[in-house]
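Open your viewer, load the file and keep the selection tool handy. Let's take a short walk through it together.

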Amino acid sequence: MLTGPLNLLIVQGTPFCNIDCKYCYLPNRSDKNKISIETFEKILDRVLESGLVREDFTIVWHAGEPLVMPLSFYKDVSSLVKNKNTTNFRIKQNFQSNGILLNDEWCEFLKENRDTVNLSLSIDGPQFIHDNQRITRKGDGTFTSVMKSVDLLRKYEINFGVISVITDFTLDYPKEFYQFFKELSPKILGMNVEEIEGDNYSSTLYAKNITTERYNKFISEMYNMFLADTRTLPIREFQQIEKFILKSKSYKNGLGQQTTPYRIIAVDLDGNFSTLSPELLGMKSAKYGNFVFGNVYRNSFEEALTTEKFKAVYYDIISGMVMCKDSCNYYSVCGGGTPSNKYSEHKSFAVTETNHCKFKFQLPMDIVLNKIENDIKFQDVQ
Amino acid sequence: MTEVELLIEKLSEHRQSNSYVERIDAIRSSVSGEFIKVLFDAGIGQFDESWDTFENSADWDNSWDQGAPN
């Protein structure tokens, strides 16, 4: 069954994070243990010998603050990747960071390796929004520290992406949010919804009945500003949906990145690995125990798929997708939802719609689709 | 064939026709590629050169939480 091809290898260098965001889904984020270079080498060996590398893939350093690890570790990683990769495919690295620990040495590393190493910062908007949710363990805002790092990146002329988490608080400030990011000028802005997932057991977005309407208004205003500015600020969600509507060859019909084994592999600092949705790696479950399917020191990726646990999880996931296909109008444009969100919200994979579906796919799809239809009608009239 | 394989086969059966498929089909059939280009240049924004390389719907999935996709 071993499938892939591998797109993302998500590696947890450490579960530790130097800040304590209100919505964080990661368990054990006070745990200061770190991955060893030997464990990373074992992960890389397993991946390269697996047959899963059939196109370029990216190592994503995530699930804990990656810059907590010493820079020397990543220099060793880069050397290992360069020396061991005998395939014809490129292996890139992406750091998803709060940015606070950036310094001159890090910037020099990023600049020297700009062809293969990318940085994405987590910034939630202007200071009054960011500091409302991205805080230290003492409860202080982190905006000022992050912006010092942004200044440093600008000094070194390093482009960076941004992921921003949209909470209920954000929804009242679309103009301030948009204007801030327009001035910040990231190479791409990803808007993640605050999800119920892992250790985050509630979402301010899902808590209030009126939020759907406010979220719709927020996304509509964001899309209007995105268009009015001729896409000067690249917003991931709008770009992807527009391209899907106008240019993709096919509708969603079958398995996607989070429902095909090993298009994503997530590995923790001890070498335990999971697949499908990356967030599954740290999650616990009454039914399955957890979602660790193997360990790189003991198991190949192929044999991990033969375990009873994987078979049970995967059967339930695919059953849920079939239910989506049979019952949801959005299936052709959504593909059957994301397993980790289904499980986190409903404690089951064999379910259909989630709040995540609604906020991440359905509402933005309707807004963009309506806009394109209206523009075409307008052109026809002219 | 295992139970999972049977379910996967069911997933890839003929395309489900519904209001979204019909609406997107209508958009695609009512405009030529050039028209879309003009529409975007003149009406709702800049045409992105990478547009033409976007050929697979699965690309929509290839963005798990990456703020800086390569």
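The tour below goes from one chain to the other, one selection at a time. Keep in mind that this is a predicted model.

**Stop 1: chain B.** Select chain B and colour by secondary structure: you will find three helices and zero strands. Reading from the N terminus, the elements run α-α-α. Chain B has 70 residues, and 17% of them count as buried.

**Stop 2: helix 8 of chain A.** Now move to chain A and select residues 211–228, which make up helix 8. Helix 8 has 18 residues and reaches 25 Å from its first C-alpha to its last, close to the 26 Å expected at 1.5 Å a residue. Next, show side chains for A:Tyr215, A:Phe218, A:Ile219, A:Met222, A:Tyr223 and A:Phe226, the buried residues of this helix. Look down the helix axis: these buried residues fall within an arc of 130 degrees, so they line one face of helix 8. An α-helix has 3.6 residues a turn, so residues three or four places apart point the same way. Turn to the other side of helix 8 and pick out A:Glu213 and A:Ala228, both exposed. Just past the helix, click on A:Thr230, whose phi is positive at about 45 degrees.

**Stop 3: a loop in chain A.** Finally, select A:Asn159, in the loop between helix 5 (143–155) and strand 5 (161–166). How many other C-beta atoms lie within 10 Å of A:Asn159? There are 15, so A:Asn159 is partly exposed.

Definitions and conventions:
Residues are numbered from 1 along each chain as its sequence is written. Chains are lettered from A and ligands numbered from 1 in the order in which they are written. This is a predicted model: local features need pLDDT of at least 70, side-chain atom pairs count only at pLDDT 80 or more; totals for chains, interfaces and linings use all residues. Helices (H or I, at least four residues) and strands (E, at least two) are DSSP runs, numbered from the N terminus. A residue is buried if 20 or more other C-beta atoms lie within 10 Å of its own, exposed if 12 or fewer, and partly exposed in between; C-beta atoms are placed from the backbone. The expected span of a helix is 1.5 Å times one less than its number of residues. The arc is that of the directions from the helix axis to the C-beta atoms.
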